[in-house]
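Student: I have a protein model open and I'd like to learn how to read it. Can we go through it together?

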Amino acid sequence: MRQYIFSAMIIALTLGCSSTKNQTVASKGFMKLFDGKTTNGWHTYGQSTVGNHWKVQDGALFLDAKTQGDGGGDLVTDKEYTNYHLKLDWKVAPGSNSGIIFFVHEDKAKYGATYSTGLEMQVLDNEGHDDGKIQKHRAGDLYDIIKSSSEPVKPVGEWNTAEIITKNGSLELRLNGVKIVTTTLWDASWATLLKQSKFADWNGFATYKTGKIALQDHGGDVWYRNVMIKEL
């Protein structure tokens with residue numbers, strides 16, 4: 001009887017801890033952008049549905065680069081966001097490249113791709129992809145604009161946690177709990193940074209202060225999970 005009571009107490013404690021953890025996440029104001037089962041809330045950029053290269057696999061959004069046909073393209077949220085804290089996990093296959101693109105203005109007739117307007121936090125196999133040889137193109141960098149202050153990225157095949165926090169022009173990028181990029185958008189210093197980047201002459205790039213969030217199809221296998229957002 002004592003053993004039964006002890007076991008019941010352990011189970012109750014475990015369930016209680018799990019419940020408390022879930023309540024803590026909810027209390028922080030984060031909402032799921034991906035339910036772990038469907039692609040509801042997302043579509044392929046410039047389309048109304050999700051292409052068949054993107055699949056839901058073991059609770060993650062998986063870009064299967066081996067899938068044949070024209071069902072690829074970047075995934076974008078149905079909704080636009082302005083001030084927020086985005087948090088998600090990512091991992092890549094050897095040699096893969098992807099990115100988390102934000103402040104995307106979806107107008108495919110005017111802007112052919114998500115990166116035509118949106119900023120990108122790089123997702124990459126640093127050692128296995130050629131972009132890893134380019135400064136400001138490595139995992140965690142604000143792509144081609146600001147090099148990350150450190151590289152807390154995990155080995156290929158392991159999950160990384162990325163965070164993008166933006167509010168009224170301030171921008172912070174975190175990787176695996178480490179703050180790696182901080183900047184202020186749309187001021188004079190920002191204009192200088194853009195002039196020094198490949199985007200210097202891109203009309204419309206980084207000009208929108210509200211936009212969609214995108215997960216990039218760069219032709220390599222990549223997984224995203226636990227995609228959550230808290231609007232600020």
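Student: How many bridges join strand E7 to E8?

Tutor: Before that, a word on the model. It is predicted, so local features need pLDDT of at least 70 and side-chain atom pairs count only at pLDDT 80 or more, while totals for chains, interfaces and linings use all residues. Residues are numbered from 1 along each chain as its sequence is written, and side-chain values use heavy atoms, with hydrogens and water left out. Now, strands are DSSP runs of E with at least two residues, numbered from the N terminus, and two strands pair if DSSP finds at least two bridges between them. Here six bridges join E7 (residues 97-104) to E8, and the two run antiparallel. As one example, Gly99 has Gln122 in E8 as its bridge partner.

Student: What is the order of the strands in the open sheet?

Tutor: The order is E2-E5-E12-E7-E8, five strands with antiparallel pairing. Strand E2 (42-44) and strand E8 (119-124) stand at the edges with a single partner strand each, so one side of each has no neighbour in the sheet. From one strand to the next, the twist averages 20°.

Student: Is E8 mostly covered or exposed?

Tutor: Mostly covered: six of its six residues are buried (under 20% relative accessible area, with a 1.4 Å probe and protein chains only). Leu119, Met121 and Val123 point one way from E8, and Glu120, Gln122 and Leu124 the other way.

Student: Which residues line the largest cavity?

Tutor: Rolling a probe the size of a water molecule over the atoms shows where empty space is left. A cavity is a set of points on a 1 Å grid over the protein atoms alone where a 1.4 Å probe fits but cannot get out, and lining residues have an atom within 4 Å of a point. In this model, the lining is Tyr115, Gly118, Leu119, Glu120, Leu142, Tyr143, Ile145, Phe199 and Phe205. The volume, the space filled by probe spheres set on the points, is about 40 Å³.

Student: What about aromatic rings: which partner does Phe62 have in a stacked pair?

Tutor: A pair of aromatic rings is described by the distance of the centres and the angle of the planes. Rings of Phe, Tyr and Trp (its six-membered ring) pair if their centres lie within 6.5 Å, and planes under 30 degrees apart count as stacked. The count comes to eleven aromatic pairs. Phe62 and Trp223 are stacked, at 4.8 Å centre to centre and 10° between the planes. Phe62 lies in strand E4 (residues 60-63) and Trp223 in strand E13 (residues 222-231), so the pair ties together parts 161 residues apart in sequence.

Conventions. On a 1 Å grid over the protein atoms alone, a cavity is a set of points where a 1.4 Å probe fits but cannot get out, and a pocket is an open set with protein on both sides within 12 Å along at least five of seven lines; lining residues have an atom within 4 Å of a point. Helices (H or I, at least four residues) and strands (E, at least two) are DSSP runs, numbered from the N terminus. Axes are lines fitted to C-alpha atoms, for helices over the stretch in contact, and angles run from 0 to 180 degrees between N-to-C directions. Rings of Phe, Tyr and Trp (its six-membered ring) pair if their centres lie within 6.5 Å; planes under 30 degrees apart count as stacked, over 60 as edge-to-face and the rest as tilted. Buried means under 20% relative accessible area, exposed over 50%, partly exposed in between (1.4 Å probe, protein chains only).
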